[in-house]
Amino acid sequence: MIREMATRSERKPDLAKRDLKIIGGAVLFSLLIACGGLAADAPDKFTLTCFEIPDIQRGAGLALVLQTPGGKTYLYDTGNGYPSKTNASGWAGDHNTARDIIVPFLKEHGVKELDGVFISHAHYDHFGGLVWLVDHFPIKKLYDSGYVFAGESSVDYTGELGHYTKLREQFKQRPGAYQEAHTGDKLAIDERLVVEVIAPPKEYFTEPHPEKRPKTDPPAHYLVNANSLGLRIQHGSVVFYLPGDIQGEDINQSLLPSIDNAKLKCNILIAPGHGIHFTKEFAEATRPEVSIASVFPRYAKGLKSTPMLRAVGAKVYITGLNGRVQVVSDGSHYTVEAERPDGAEKK
Ligand SMILES: [Zn+2]
């Protein structure tokens, strides 16, 4: 197991906390001032776990568990789950990430219900787990960008997009169980986190030049990706950025001009579009210290994002090589632990 301590700050929160416990009120007050409010910023941990999703020859997949300092549990995307075409109750490749990976993890951690699920966008490698979860695990609330693709598309995409719309409707029918979120919205998921929506805007991203896109990448694919729910999560001074699957063209022509780029600067980046979709401009804007790409081993070598991220000084993790990757923040420092730190493919 690798354990890396990022040295972003000279402050030692663990020491400060221990000291605070054993001293009196007056001293405590002056120490709080000396620490710049540190003790109040970082009482407990924020943990992000990015799972390794097996290659079932469909999609790519992303599933993150977010465990907040206040003890709440959220998912950002739910991994792969392609309903089987031959068996009504089965899954392509006999895999559903929620059934096979997420819920066993939650049970191991004593989690009995989810405070919320964020779905970045309506593709089965991101919401397939939710299809199974809604019938098997309590979920208080669903968050997404509210995007509905209204253009023409093939049967493959209409089935997938329609399926997600039905799931969203299920949540909408329960009072308070659904929230549509757009750029600038603040989501009050835990009082010790500042969660801000980075994208998409209320009017959504569009593409003025669809004729420039390759035929293999229809609007039902790239526009749904482009309107992924992007989140910036700040815990004390540690910033995470979860951009969903927005693709390179849309990053440069829509996302970067739509927002104060200072908001994109982060310590930990979940690579957009599994690291397959990426741009130099995005690397420059985000400048992460750590990036995590959720992608199968066959995409991992030669992944487009890797050299661009390394060029801005990021340490790159890829689930297909490094396995499960977990980041733990105390609000001032963070550690990163990978299942296979040497990056060996799973045997
Ligand atoms: Zn994806």
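Two residues are in contact if their C-beta atoms, placed from the backbone, lie within 7 Å. The structure is a predicted model, in which local features need pLDDT of at least 70 and side-chain atom pairs count only at pLDDT 80 or more, while totals for chains, interfaces and linings use all residues. Residues are numbered from 1 along each chain as its sequence is written.

**Confidence**
- The protein has a mean pLDDT (the predictor's confidence in each residue, from 0 to 100) of 88, and 87% of its residues reach 70 or more.
- Over residues 1–43 pLDDT stays under 50, and the model has 49 contacts beyond four places in sequence for these residues.
- Where pLDDT is low, the predicted coordinates should not be read in detail.

**Around N96**
- N96 is found in the loop that lies between strand 4 (73–78) and helix 4 (97–108); helices (H or I, at least four residues) and strands (E, at least two) are DSSP runs, numbered from the N terminus.
- Beyond four places in sequence, N96 touches G81, W91, G128, G129 and W132.
- N96 is buried, because 27 other C-beta atoms lie within 10 Å; the cut-off for buried is 20 or more, with 12 or fewer for exposed and partly exposed in between.

- An open sheet of 7 strands runs in the order 8-9-10-11-12-13-14, with mixed pairing; two strands pair if DSSP finds at least two bridges between them.
- Strand 8 (186–187) and strand 14 (315–318) are at the edges with a single partner strand each, so one side of each has no neighbour in the sheet.
- Strand 9 (residues 194–199) pairs with strand 10 (residues 230–235) in the antiparallel sense over 5 bridges, and V194 stands opposite Q234 in strand 10.
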